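Open the model in your viewer and keep the selection panel at hand. Each stop below says what to select and what to look for there.

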Amino acid sequence: MKAAVFVEPGRIVLQDKPIPKVGPRDALLRVTLTTICGTDVHILKGEYPVARGLTIGHEPVGVIEELGSAVSGYRIGQRVIAGAITPCGQCHSCLDGHQSQCGGKAMGGWRLGNTIDGCQAEYVLIPDAMTNLAPIPDSLSDEQVLMCPDIMSTGFGGAESGHIRIGDTVAIFAQGPIGLCATVGAKLSGATRIFTVDGVSERLTMSRRLGADQAISFKDRDPVAVIMQSTNGRGVDVAIEALGTQGTFESCLRVLKPGGVLSSLGVYSGKLTLPLDAFAAGLGDHRIVTTLCPGGKERMRRLMNVLESGRADLRPLVTHTFALDRIEEAYDLFANQRDGVLKVAIKP
Ligand SMILES: [Zn+2]
Ligand SMILES: [Zn+2]
């Protein structure tokens, strides 16, 4: 089979690999659609280490090709997705409600395209199939559910971890695919005033389309000043960080009311510091929460429910489609953020 393999920093290359052998608890999927994540670009650049020879990709849409001997409740040929995070469903962390931290290790639930071969390939093995395979309703196309495994789950997770209440004012810093999904999630959670911040005009336009009341370009105005003025100095109830930089994290704190929640989705590197003036020297009752993409079949079922109900449609996030044969071109476009790209669909 063909698979996009990490060869060395700077090189993810399409190679021939054997089709994986199915263990008792696994399922083999024939991948029908997948995508490239910002995290995959970090892998490409060597900023996030993975083993050489690993197949990349953690956002699978596919059809069941083969089931392990211990797997029941599914049939060959069934259309399914699996989350980017594939928890075992049986360890202490999973049973304690922290499936993303499966095995008691930080990010332990992230296996596809990280610690085991991923899904930018013609076939992918899904571990712990009975915890992770979520059947796709007939009414939904592959394209409609492509954002469920990671981007939608993560973005919505940011809104949910922030415990947004009906009538809340929310600010979301960065409107890449995850930030945009956080905007949709904030609106669905009952926020009635949503500020979003980015520097790319196409993203701000998409942000307004998906639910932002005020989309602010940090290139034109100081977003902290705009948000504080617009809320009469009160600040926001929940601030969502969707990039992973000191600047956006700090801006979230600076627009957050005392007692508010900073819900962080970004992946940080180096060191992150807390400005104590914005943090009320530690006495502002601020809560800082972090979320790694929730996975597992129940999470996927709920997300697909949202799509089936028509309350959200994330297809506009997919701006380009490539055949798997052309995935190296897709990486080049996506990594360099050319041509207004948000997400690329990859068709094996
Ligand atoms: Zn991802
Ligand atoms: Zn587990």
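**Ground rules**

This is a predicted model, in which local features need pLDDT of at least 70, side-chain atom pairs count only at pLDDT 80 or more, and totals for chains, interfaces and linings use all residues. Residues are numbered from 1 along each chain as its sequence is written, chains are lettered from A and ligands numbered from 1 in the order in which they are written, and side-chain values use heavy atoms, with hydrogens and water left out.

**Stop 1: the sheet**

Select strands S8 to S13. Six strands make an open, parallel sheet, ordered S10-S9-S8-S11-S12-S13. Strands (E, at least two residues) and helices (H or I, at least four) are DSSP runs, numbered from the N terminus. Two strands pair if DSSP finds at least two bridges between them. The edges are S10 (214–217) and S13 (287–290); each has a single partner strand, so one side of each lacks a neighbour in the sheet. On average, neighbouring strands are turned by 20° against each other, direction ignored. Axes are lines fitted to C-alpha atoms, for helices over the stretch in contact, and angles run from 0 to 180 degrees between N-to-C directions.

Zoom to S8 (residues 169–173) and S9 (residues 193–198). Five bridges join this parallel pair. Valine 170 has isoleucine 194 in S9 as its bridge partner.

**Stop 2: zinc, ligand 2**

Which protein donors hold the zinc ion (ligand 2)? Select Cys88, Cys91, Cys94 and Cys102: their SG atoms lie 2.3 to 2.4 Å from the ion. Donors are N, O and S atoms within 2.8 Å of the metal (3.2 Å for Na, K and Ca); water is not among the atoms, so sites may look incomplete. Along the chain the spacing is C-x2-C-x2-C-x7-C. The four donor atoms subtend angles of 102 to 115°, which makes the arrangement tetrahedral (four donors, all angles between 85 and 135 degrees). Cysteine 88 is buried at 13% relative accessible area. Cysteine 91 is buried at 16%. Buried means under 20% relative accessible area (1.4 Å probe, protein chains only).

**Stop 3: zinc, ligand 1**

Move to the zinc ion (ligand 1). Its protein donors are Cys37 (SG), His58 (NE2) and Asp150 (OD), 1.8 to 2.2 Å away. Their sequence spacing is C-x20-H-x91-D. Cysteine 37 sits in the loop between S3 and helix H1 (38–44), and aspartate 150 in helix H5 (residues 148–161), so the pair ties together parts 113 residues apart in sequence. Cysteine 37 is buried at 4% relative accessibility, and aspartate 150 at 7%.

**Stop 4: lysine 17**

Select lysine 17, in the loop between S2 (11–16) and S3 (27–35). Is it buried or exposed? Lysine 17 counts as buried, at 17% relative accessibility. Its side chain reaches the backbone oxygen of glycine 53 at 2.8 Å. The side chain of lysine 17 also makes a polar contact with that of threonine 55 (2.8 Å). A polar contact is a pair of N or O atoms within 3.5 Å; within protein, one must be able to donate a hydrogen and the other to accept it, and residues adjacent in sequence count only if both atoms are side-chain atoms.

Conventions
Buried means under 20% relative accessible area, exposed over 50%, partly exposed in between (1.4 Å probe, protein chains only). Four donors count as tetrahedral if all angles lie between 85 and 135 degrees; four count as square planar and six as octahedral if opposite donors are over 155 degrees apart and all others between 65 and 115; anything else is irregular.
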